[in-house]
Each structure stands twice: as structure tokens, then as C-alpha cells.
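Dear colleague,

Please find below the structure that I am handing over to you. I would be grateful if you kept it open while reading the notes that come after it.

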Amino acid sequence: MPVSDEAHPLWDVHNLKRALHAAGVALWAWTVETNAFAMDEQGFDLWGLPQAKSVTFEDLSSRIHPADRDRVQAAFTATRALVGSYEIDFRILLGDEIRWISARGLGNDEGLHQGQVWGVFLDVTGRKQAEEGHELLAGEMSHRVKNLLAIAAGLTSLTSRSATSVEDMASDLIQRLTSLGRAHDLVRPLAKDQGRAALLGDLIAVLLAPYDDEGAFSGRIRVAVPRMGIGEQSATALALVIHELATNSLKYGALSVSSGILDISGSTNGDEITVVWTERNGPPVEVKSDAGYGSRLLQRSVTGQLGGSIDTEWPSDGVIVTLTMNAKRLAI
């Protein structure tokens with residue numbers, strides 16, 4: 001003989017309370033005629049209120065986030081006119097803590113029993129935080145893709161102006177884009193939501209690694225710069241600068257001969273950081289009077305995006321490039 005719902009031990013009041021507590025469900029009841037509002041023990045814990053036989057809407061409203069308060073009050077007023085189930089998600093403030101609560105019930109008097117409307121509160125903070133995280137990630141990815149496409153379009157346009165052939169343009173463009181890729185790979189999140197950054201020395205070392213690993217070049221590149229973080233946007237600009245300097249060195253400077261040496265040093269002075277690119281023991285230097293594409297790119301990157309200046313000296317056996325940059329801009 002089947003056991004009726006009323007007689008089944010599963011529906012014992014204590015078992016139901018245990019199930020509700022395990023599921024994090026808080027019960028509430030609203031007496032329509034008197035406008036009295038009551039909650040169970042879990043409801044008071046969820047709202048951070050001392051337990052009492054009843055609670056007023058004003059008590060609850062004082063905990064609701066100011067940005068959600070009017071919306072929640074209007075929604076509760078309209079619940080009896082809704083057909084079927086309803087769900088309202090909103091934030092409450094418990095000191096510095098923000099909780100997301102979902103209020104659920106039946107409208108159009110379907111949930112009305114003996115003059116009372118019943119419903120539940122659920123703590124959905126974890127779900128809301130996950131949703132916000134996904135939205136932020138999607139926004140960041142969209143922003144980064146747009147930036148990369150804009151950079152790629154700009155590089156393509158500028159490279160085409162100085163290229164003598166399709167092959168040269170393809171080669172130069174691929175090298176520049178690869179350099180940007182290495183910089184973005186190196187940029188990593190900082191602790192405590194401080195953004196993303198790469199260490200200056202690591203960034204330079206990674207970008208120059210291809211030039212230092214080709215047998216005769218091994219050990220000829222030396223990097224000694226202050227330990228400081230470089231932000232994602234600045235890492236992109238600095239990657240272009242390092243790549244252009246290295247490319248020029250490989251074509252015409254110290255890295256074009258077996259005896260050449262490249263030293264990169266740095267220092268800080270208040271809000272300024274100075275990086276000195278020094279090439280020695282290279283071939284005789286030919287000073288060019290006209291500013292080519294590479295020079296324009298260096299000038300634009302350093303003065304525009306990095307908030308600094310660039311100065312070039314031409315000793316007989318090399319070149320000295322001094323980059324003076326704004327430390328705050330580098331952190332972006």
C-alpha cells in the first residue's frame with residue numbers, strides 16, 4: 001500500500017527545515033491586510049538582522065543597495081498583479097559586504113494562503129560574482145582584440161610606406177607583430193586586482209632573446225635596469241621601441257658584426273625612468289639626416305604613448321640611444 005505524502009517521514013517538519021537550511025533557502029511571509037512581514041531564522045541571518053517575530057519593509061529597505069531600492073520596492077508592490085512565478089534579484093549591504101539576494105514567489109494571488117503570501121530568499125552572491133567575472137573577461141577580451149586590430153592596421157599602413165617589395169613588407173610586419181605577441185605573453189596579472197604588468201628587465205630580455213641566441217650573438221647583450229612593473233598598454237609600445245632598435249642594430253649596428261656589444265642600462269629619478277641603449281664595437285656609423293619610418297615610429301611611441309623623450313648620439317663605433325620615460329605612464 002503506498003504511503004501518502006502526509007504520512008511519509010520525508011515530509012516531517014524537522015526534516016523540511018533541515019533540507020531548507022542545507023539548500024540555503026530562507027522563508028518569508030507577507031500578510032496582505034496588515035502589511036506585516038515575517039521571516040524564518042535563516043532569513044534574519046541572510047539579511048544580517050536580529051531575530052524578531054516580524055520585520056518591517058523599512059527594516060529590509062534600509063539594507064538594500066541604494067541603486068536597487070526603488071526597483072525592488074516597485075517590484076514587490078507589483079507582485080500580486082503578476083501571473084505565475086516571479087524572481088527579483090537585488091543587492092543588500094552588510095557593512096562593507098555586498099550580498100546578492102533572489103526573492104521568489106507566486107504572483108496573481110496564486111501564492112496567497114489564509115491571507116498570507118509566501119516566498120523564499122536565496123543567497124545568489126556566488127552566481128552573481130561569477131556572472132560579473134564573465135562579463136568583465138568578455139569586455140577585456142573585446143577591448144584587447146580591438147586594440148590589437150588597431151595596432152596591426154596602423155603597423156600595416158606604416159610598414160607599407162617604407163617597404164621596397166611585398167616580401168620586405170611581409171617580413172618586417174611579421175617581425176613587428178611577433179614582437180608585440182611576445183610582450184603580451186609576458187604581461188601577467190598582479191596581486192589584489194592591481195592590474196596587469198611585466199617586469200621591465202624581463203620584457204627587454206624576452207624581446208631581445210632571438211638576437212642573443214644565434215650562436216655568435218650569445219652573451220653579447222647585457223641588460224641591467226631597475227626592477228619595476230610595466231603595464232599592458234606600455235608593454236606594447238615599449239615592445240615596438242625595443243624591436244625597432246634591435247632591428248636597426250642587426251642591419252647596421254653592433255649586432256651586425258661578431259665583435260659588437262649591446263648594453264642596456266637604466267636608472268630612476270623621481271617620476272622619470274631613463275633607459276640607455278648603448279652599442280659598441282660595431283661598424284663605422286653613418287649618420288642619416290632624413291627620418292625614416294623606424295625613426296618616426298620610435299619618436300611616436302616614446303613621446304606619445306610613454307610620455308617621454310628620445311635622444312640619440314653617434315660615437316664612431318656605435319650609437320647611444322637615451323629613452324627618458326614617465327614612470328606613471330609606464331605602469332599603465
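This is a predicted model: local features need pLDDT of at least 70, side-chain atom pairs count only at pLDDT 80 or more; totals for chains, interfaces and linings use all residues.

Residues are numbered from 1 along each chain as its sequence is written, and side-chain values use heavy atoms, with hydrogens and water left out.

I begin with the sheet. Strands of a sheet pair through backbone hydrogen bonds, either parallel or antiparallel. Here, 5 strands form an open sheet with mixed pairing, in the order 9-11-12-14-13. Strand 9 (221-224) and strand 13 (309-313) are the edge strands, each pairing on one side only. From one strand to the next, the twist averages 10°. Helices (H or I, at least four residues) and strands (E, at least two) are DSSP runs, numbered from the N terminus, and two strands pair if DSSP finds at least two bridges between them.

Strand 13 and strand 14 (residues 319-326) run antiparallel and are joined by 5 bridges. Ile 310 has Leu 323 in strand 14 as its bridge partner. Helix 8 (residues 232-252) packs on the sheet, where it touches strand 12 (272-280) and strand 14, and its direction makes about 15° with that of strand 12. Contact means heavy atoms within 4.5 Å; axes are lines fitted to C-alpha atoms, for helices over the stretch in contact, and angles run from 0 to 180 degrees between N-to-C directions.

Two residues come next. Asn 281 lies in the loop between strand 12 and helix 9 (293-305), and has a positive phi of about 60° although it is not a glycine. Arg 329 is placed in helix 10 (residues 327-330). Because its relative accessibility is 32%, Arg 329 counts as partly exposed (buried means under 20% relative accessible area, exposed over 50%, partly exposed in between, with a 1.4 Å probe and protein chains only). Arg 329 and Ser 234 are 95 residues apart in sequence, and their C-alpha atoms are 7.2 Å apart in space.

Finally, I turn to the rings. Rings of Phe, Tyr and Trp (its six-membered ring) pair if their centres lie within 6.5 Å; planes under 30 degrees apart count as stacked, over 60 as edge-to-face and the rest as tilted. The count by this rule is 5 aromatic pairs. The ring centres of Trp 28 and Phe 121 are 6.0 Å apart and their planes are at 35°, so this pair is tilted. Both Trp 28 and Phe 121 are buried.

Yours sincerely
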